[in-house]
Amino acid sequence: MTGMTPSTVEERLFRIEARNEISDLVARYAHGADRRNDPAMMQPLFHEDASWSAEGFATFHGASAIAAGLAAIAAEEVLWSIHYMIAPYVEFAEDGRSARCRWYLWELSTMAHDAGAEDRWLGGWYDSIARYEDNLWKFASVKLDLRVQGVATPPWSLKKAFDQ
């Protein structure tokens, strides 16, 4: 609710809790992403009619297609990663039941490459819409806009797999 002051304590409390829940949604997304885009972790984060896109990777529509598509990217392209999701900024819609959330990404990764696996760093930002339905905040859309990337030299010397 940009520019408006909520009129009740209940509305104000809802927005405070919603901001925390949306920030947690971003953190759970990073958690699943660093577990090779685990479909069991990723699918519950998205509404059934959601979309996900990243130029150079893919566009997916629907929670199950997003989960399967992200898992395929992890299996074929992003072989290992650490996602640093930084400074989520939440702007509520007038009704308070949807919000735009943007955050920065700094990622260390091992990417599949023609000559074998290659350690890389990536930076950019996410732009998303979260929607509140059935007492849960989930993503209605997520767009990744990568702005910089490079080869890690020397390559990462220690890469541990993440536990669930």
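1. Start with W103: this residue counts as buried because its relative accessibility is 1% (buried means under 20% relative accessible area, exposed over 50%, partly exposed in between, with a 1.4 Å probe and protein chains only). F139 is buried too, at 0% relative accessibility.

2. A quick word on the source: this is a predicted model, where local features need pLDDT of at least 70, side-chain atom pairs count only at pLDDT 80 or more, and totals for chains, interfaces and linings use all residues. Residues are numbered from 1 along each chain as its sequence is written, and side-chain values use heavy atoms, with hydrogens and water left out.

3. Now the rings. Rings of Phe, Tyr and Trp (its six-membered ring) pair if their centres lie within 6.5 Å; planes under 30 degrees apart are stacked, over 60 edge-to-face, and the rest tilted. That rule gives 14 aromatic pairs. One of them is W103 with F139, tilted, at 6.0 Å centre to centre and 35 degrees between the planes. W103 sits in strand β4 and F139 in strand β6, so this pair ties together parts 36 residues apart in sequence (strands are DSSP runs of E, at least two residues, numbered from the N terminus).

4. Y132 and W137 make another tilted pair, 5.3 Å centre to centre with 45 degrees between the planes. Y132 is buried at 19% relative accessible area, and W137 is buried at 4%.

5. Which residues do ring pairs link into a cluster? They are Y29, F46, W103, Y126 and F139.

Key: Helices (H or I, at least four residues) and strands (E, at least two) are DSSP runs, numbered from the N terminus.
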